[in-house]
Amino acid sequence: AAPHTKSRCPQYPGSKVERFPVPDDKVNWSQNWPQYNPVSHTDPAVLKMPEWADPDIGSFHPQFNAVDGCVDRTSFEGSYKIENGMPLNPLGRTGVTGRGLLGRWGPNHAADPIVTRWKVDAKGAKMNHAVSKRPILQFVSIKRKDCGEWAIPGGMVDAGEQVSLTLQREFSEEALNSLDAPATERAKTHERITKLFKSSGFQVFKGYVDDPRNTDNAWMETVAVNFHDESGNSVSELPLQAGDDAGQVKWVDVDSSFPLYASHSHFLEVVAKERKAHW
Ligand code: RP5
Ligand code: MG
Ligand code: MG
């Protein structure tokens with residue numbers, strides 16, 4: 001497969017910054033490339049130092065490749081290199097240095113909850129795909145407000161937060177709009193979905209995400225977990241409502257032709273194969 005691609009998208013998201021074009025054969029840091037001259041970019045929102053962001057390098061000396069206080073700076077991809085005090089993207093060059101829109105130097109940890117059910121007809125019978133003849137899975141997908149792409153309702157692991165909590169919290173915020181719900185309703189929803197999220201789920205992926213926000217010094221990593229509502233009477237019965245960084249939410253048929261944000265399509269392929277569903 002080609003090395004990270006979305007991490008080399010010509011224009012950096014949310015900006016007018018153009019990445020230094022990196023051809024496939026120059027992505028790997030081991031390729032000597034003296035002409036490489038990437039632009040440095042860190043979004044003003046990050047420089048304002050909200051709680052989810054690190055200070056700029058200089059007086060700031062985080063512990064890379066370690067759990068640094070509440071912030072996990074270890075990478076699922078192994079030990080990453082530090083050059084001039086800055087961590088190097090383990091997948092290679094992206095054409096931009098600095099942090100762009102990402103808060104952390106090095107790995108920025110996220111969690112992706114993939115909530116699925118079987119597609120059924122009016123009588124409740126599983127529906128098979130006309131071509132593959134396999135049953136069709138559906139997953140809860142959100143339309144991201146930042147770029148308008150459909151995606152898994154994932155989000156960043158807060159400092160010190162357990163990934164299992166991030167999975168349920170982000171799903172509740174983005175697909176059930178828990179942030180805007182009154183406390184009583186929020187408690188009810190919490191109770192309804194806790195059973196599904198407490199089931200261990202199927203770990204689909206753990207590692208680097210080919211996210212358009214990645215830079216040479218900051219990148220996304222995730223743990224993607226599939227929670228499957230086999231009988232269709234758990235989350236399937238809850239009304240979906242988009243919230244936080246999600247503009248829309250709906251059940252989407254799992255199918256290779258449906259374009260998704262970052263490497264999310266790859267995660268769904270793994271789920272489809274595991275559940276012997278249509279892909
Ligand atoms: C992707 O960005 C991850 O796979 C996850 O879905 C998402 C987390 O970022 P935000 O949704 O918080 O922007 O790389
Ligand atoms: Mg979120
Ligand atoms: Mg999100």
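A residue is called buried if 20 or more other C-beta atoms lie within 10 Å of its own, exposed if 12 or fewer do, and partly exposed in between, with the C-beta atoms placed from the backbone. By this rule, strand 8 (residues 137–144) is mostly covered, since 6 of its 8 residues are buried. Helices (H or I, at least four residues) and strands (E, at least two) are DSSP runs, numbered from the N terminus.

The structure is a predicted model, in which local features need pLDDT of at least 70 and side-chain atom pairs count only at pLDDT 80 or more, while totals for chains, interfaces and linings use all residues. Residues are numbered from 1 along each chain as its sequence is written, and chains are lettered from A and ligands numbered from 1 in the order in which they are written. The predictor's confidence in each residue, pLDDT, runs from 0 to 100; the protein chain averages 95, and 100% of the residues score at least 70.

The protein chain contains 4 helices and 13 strands. Its radius of gyration, taken over C-alpha atoms, is compared with a globule rule of 2.2 Å times the number of residues to the power 0.38. The value is 20 Å, close to the 19 Å that the rule gives for 279 residues, so the chain is as compact as a globular protein of that length. Of these 279 residues, 40% are buried.

Strand 8 can now be placed among its partners. Two strands pair if DSSP finds at least two bridges between them. Strand 8 pairs in the antiparallel sense with strand 7 (residues 106–118) over 3 bridges, and T116 stands opposite F139 of strand 8. With strand 13, the antiparallel pairing extends over 7 bridges; here S141 has K250 as its bridge partner. Strand 9 (residues 150–151) also runs antiparallel to strand 8, joined by 2 bridges, and I142 is partnered by A151. In the hairpin of strands 8 and 9, 5 residues lie between the strands, and G148 takes a positive phi near 80 degrees.

Most residues other than glycine have a negative phi. Two residues depart from this pattern. A262, with a phi near 45 degrees, is in the loop between strand 13 (246–253) and helix 4 (264–274). Why does A262 count as buried? A262 does so because 26 C-beta neighbours lie inside 10 Å. K276 has a positive phi of about 50 degrees and is in the segment after helix 4. K276 is exposed, because 10 other C-beta atoms lie within 10 Å.
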